[in-house]
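Please prepare a report on the secondary structure and the disulfides of the model shown here.

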Amino acid sequence: MSNTQSGTAAATATTGGTVAGRSASLAGDAWRELRRKPSFIAGLLLLLLVGSMAAFPSLWTSREANEQCNARMAKTGPESLNPFSGSEHPFGFDVSGCDYWAQMVHGARAPIVIGITVTLVALLLSVLLGSLSGYYGGWLDMLISRITDIAFGLPFILGALVVLTAFPEHDIWAIVLVLSAMMWTTMTRLMRGQVIAAKDQDYVHAAKMLGASDLRVIFRHILPNAIAPVFIYATLNIALAISAASVLDFLGVGLDYPSLSWGVQLADAQAEFLEHPYLMVYPAIFLSLTLLSFLMLGDAVRDAFDPKLR
Amino acid sequence: MRRWRGAAPLFAVVAASSLVLTACGDDGGGEGDKGKTGGTFVEGINEPDNLTPGFTTSSYSSTVINALFDPLTELTPQGKVKMLDAQSVESTDQQNWTVKLRKGSKFSNGDPVTAESYVDAWNNAAYGPNGAAANYYFANIDGYDALNPEEGKPKEKTLSGLKVVDKQTFTVKLTGKFSDYPLTLATPFAFAPLPKEALDNPKAFKENPVGNGPFQMDGKWEHNQQIKVKKTKGYTGTRKPKVDGVTFRVYTSDDTQYNDVLGGGLDIGTVPANKVKAAKQQVGDRLQTIPAGTMDYLGFPLFEKKYQSADLRKAISMAIDREGIVKAVYDNGFKPMKSLTPPIVPGYQADACGEFCEYDPAKAKALLKKAGGFEGDLTLWFSNADPTYEKWMRIVAQNLKDNLGINAKFKKVPDSDYLTTLNEAKQNGPYRNNWVMDYPSAENYLASMWGVGNRMGWKGKTHDKFNKLIDEAKAAGTDSEREAKYNEAQQIAIDEMPMAPLWNWQNFTIASEKLGEVPIDSYAYDGNGVRIEDVTVK
Amino acid sequence: MWRYTVRRILQMIPVLIGTTFIIYAMVFALPGDPIQALAGSKPLPQSVINALHERYNLDDPLVVQYAKYMANAFQGDFGETFYGQSVTSALESRWPVTLKLALVAWVFELVAGVTLGVWAGLRRGKFTDRVILGGTTLIIAVPTFVVAYSAQLLLGVKWDIFPVAGTQEGWVSYILPGIVLGSFSLAFVARLVRTSIAENLRADYMRTARAKGLPKHRVVVRHLLRNSLIPVVTYLGVDLGSLMSGALVVEAVFNMPGIGQGIFQAVQTKQGTLVVGVTTILVLIYLFANLIVDLLYGVLDPRIRYE
């Protein structure tokens, strides 16, 4: 993903377009281009769908999570493959006899919350560490860079496995903590590189000569010009975090009852795949579509902000 | 993914289909009138931890050790004791036992098996500082405590209860009367004899064990890959093998074993319970089912204030849908239990627990009310050793919520920490507990789980009346007297319900089309319940 | 160049110590007594526990244990597992499996990824490009273990094209797992190449080359490919290391006795020595792969000079 570092010219955009002039017009351009892209629109719609399940499950099902289950109905498939057939259990029952559709709807929240929170935490960390390290250089840079190297060098799954085996309680926050601890490094490196490139620009020297404080230089001048590639990477990171969380679920160190997630449902389904394929197919579709929507959004945003590819 | 069964699962004769097969294998095959000899086959195992008898309790090690070693006795397919490497094991008072060895028994390196081969091996495993995993199997021999002090180095190096009389004879003095003692000696991974080289150079021996059994190593132990054994030349025992060799191939999951049998890469493998229905459709008779000795229980932390009421404990037991769980998680492969001991143990009482182990949400609710209700959340404790634990605990949690309105959370403890957690009484809620049978006697369950020095039954206190009944049963002369005493003791454990019985495990073994007879019977110490010496290849 | 290399190697030392110490400390912090796990569900007498604790230095403080471990490790002795097997021999049989698996995956992602990427890049915006782009997005979106199970059941069990599991049939056993393992990275490689090609197509040197009247294939191979593949080299180099540590899931599904499985079991049974042994080697591979990639970068791109 080192290619996203390319072109500091792309870095002149800001999120809301608060900076006047040139950058606002790039953001404006980008937005205009985005609106025309079908993949962007499709991704956005998908995301809205899944997001509404995560935020307001009651819109989609009248059942609460893990309630009204009957173990004796477990692994009973749907009566019809058509989910709109009007059956009371359009997706059948899950491995413990709960309505699969309801469990599926309630399973949306965990992955989305994990993906977004992990990325936010990682983004915050990387902006902070990356700009400190890039701007000040010297021993601080040395220290932060080596710590980043260490965290980057740790085999990801191995680290998560060890930490999560040690925690007996696996709620969403334990997973968020572990994934954040593993996922801040790439963005930090990206940020550092951007800051180093930006700090030698004339306008930064000018601001310094005018007596601006370090903080002001970093926040008003460097960051707005350096952060775009990091943001673009962050949209991809959401998908990666959701995917990583599902791998942890698969390995049996992910979320525990009463939390629900598609990853756990997939993990439950693996042993049943041959006899009850629907158990794996439904959550796989939901999870894949969610990841797909984040990936499509990320792609579209990157293309829109990268003038070289216009 | 590693599943520990502790000791080898022992199997009963109950399943009709396997009985027929067994009969063919045992009676017809011996004379060679139908079973062809020769050929080799591949059996699936998990990586064993150690192949030196005394230094392991894992069922995967047991599978291999069972091929390499002949212990003093063996268990017949009916669960009765039969002499194997011994000529006789006798006692007049059930406490002092005399063992006479079979003449002509040899190790595969040519050394004769003598009384020392047993006594030295047992002393070696019973000596605490050697760190032998099967150490506690020797705890009922007189002098064990001197070799295993709580702290510091032991003063003695040998068990005072073991005495060599002559080359063929030794005596065992137990700490108390125990009429089932010859039964326990059939455990190969604890009580098999060792040649001298095992004690002289244990490191080398571990990689290339030498035993007195029907098979010997064919090359070194290829870790994480396979262990090959071949027929022992000049074997004089009664377990003469029909095949020329066996390859034990190492797997890490039962799912893969099953898939590999279907794909033709494996001849004998384990089928996970949730695959049984599909396997039956796919392979028919080549899937054999046998009840195992393993029991699952739900324990209650009696040292916690919240769980003092027996009515509360019974209410929880009645709110759990055992039938539903067994269907959902184990595809009806395991059997819901209303007794503390499994059906394959003599004296089994099918309905010992009665209505308290029956799913009845309404009565459970009433009983909970009588007990004064339940305040706050409830935490369920179990280990991460097997993914199905979490699956059934989830249904227990849903049952408790739907039927009793109790909110449950999970504590999934690392496997390596689970027993320590129980030993230190850190679990503050109902917990998974389980017992794998060492030998088919009710004593093995009751004394180990509820009796003196127990780890989990009545944590911290012992029950005098219960213990007295167990002692009386152990000294009893007749089977019926013994069983009556055990059942009386069981009733006490049920009335107070420190642990509720859940279900009894079954084992499922699948064989490939390549094999002719695959006798799977009650008490073979093979992880798949196979009498490997009687297997034939088409 | 030499000074750069030496400096980089010196920088590796703190990273190596840092990573191994963190892992060691984490395994150390895992609750529970690894010795008890040895006995499965059966009780272990206190005397046995005491003896084994002493044998494996389990009663020393963390830093002392770590120091003892590392001192031995640098002499090539990675210690013993609690089953009394030396870690070196426990890993001996596992490395080739994972290495072969990663290699198959790597070659697959390299060949297929670059081909698809170049194809899509040259036809940017056209139908082929859209199909390849959509396909790679889909591959990233479907979780690896779903792909693995589907592949095993369809290609292995139902259609019997590949071995179902295990490593008994030599290289053939590695094809299916290798493709599954490599598919995720393949998607990244293809996209990387595609972007890079598309960017370079418009570069000035390309215009010059075409203006000079060079034949098209020469322009593509000599100029376009050489310049476009630089970022891919970085990715592929680092990926060989992550393939090895990421093989866990695939190894589990296909029953391959590689290090991924070894690690998983070792963590479950708290086999600290084994976990740290594997980590040390994985980190070393990762660090050296990085170094080689950076040096290679200088060779491929003459604009970059290391001082």
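The report below takes up a sheet, a helix and the disulfides in turn.

## A four-stranded sheet in chain B

The structure is a predicted model, and in its chain B an open sheet of four strands runs in the order β4-β5-β7-β6, with antiparallel pairing. The edges of this sheet are formed by β4 (86–91) and β6 (162–166) of chain B, each of which pairs on one side only, and the twist from one strand to the next averages 20°.

## A helix of chain A

Helix α13 of chain A, covering residues 277–305, has 29 residues, and the distance from its first C-alpha to its last is 41 Å, close to the 42 Å expected at 1.5 Å a residue. This helix is mostly covered, since 25 of the 29 residues in α13(A) are buried.

## Two disulfides

Over all chains, a search of the whole structure finds two disulfides. In chain A, a disulfide joins A:Cys69 to A:Cys98, with an S to S distance of 2.1 Å; the torsion about the S-S bond of these two residues is about 100°, so the disulfide is right-handed. The pair links distant parts of the chain, 29 residues apart, with both A:Cys69 and A:Cys98 placed in the loop between α2 (38–55) and α3 (100–106) of chain A. A:Cys69 has a relative accessible area of 16% and is therefore buried, the cut-off for that class being under 20%, and A:Cys98 is likewise buried, with a relative accessible area of 1%.

In chain B, a disulfide is formed by B:Cys353 and B:Cys357, whose sulfur atoms lie 1.9 Å apart. The torsion about the S-S bond of B:Cys353 and B:Cys357 is about 80°, so this disulfide is right-handed, and both B:Cys353 and B:Cys357 are buried.

Conventions
Residues are numbered from 1 along each chain as its sequence is written. Chains are lettered from A and ligands numbered from 1 in the order in which they are written. This is a predicted model: local features need pLDDT of at least 70, side-chain atom pairs count only at pLDDT 80 or more; totals for chains, interfaces and linings use all residues. Side-chain values use heavy atoms; hydrogens and water are left out. Two strands pair if DSSP finds at least two bridges between them. Helices (H or I, at least four residues) and strands (E, at least two) are DSSP runs, numbered from the N terminus. Axes are lines fitted to C-alpha atoms, for helices over the stretch in contact, and angles run from 0 to 180 degrees between N-to-C directions. The expected span of a helix is 1.5 Å times one less than its number of residues. Buried means under 20% relative accessible area, exposed over 50%, partly exposed in between (1.4 Å probe, protein chains only). A disulfide is a pair of cysteine sulfur atoms within 2.5 Å.
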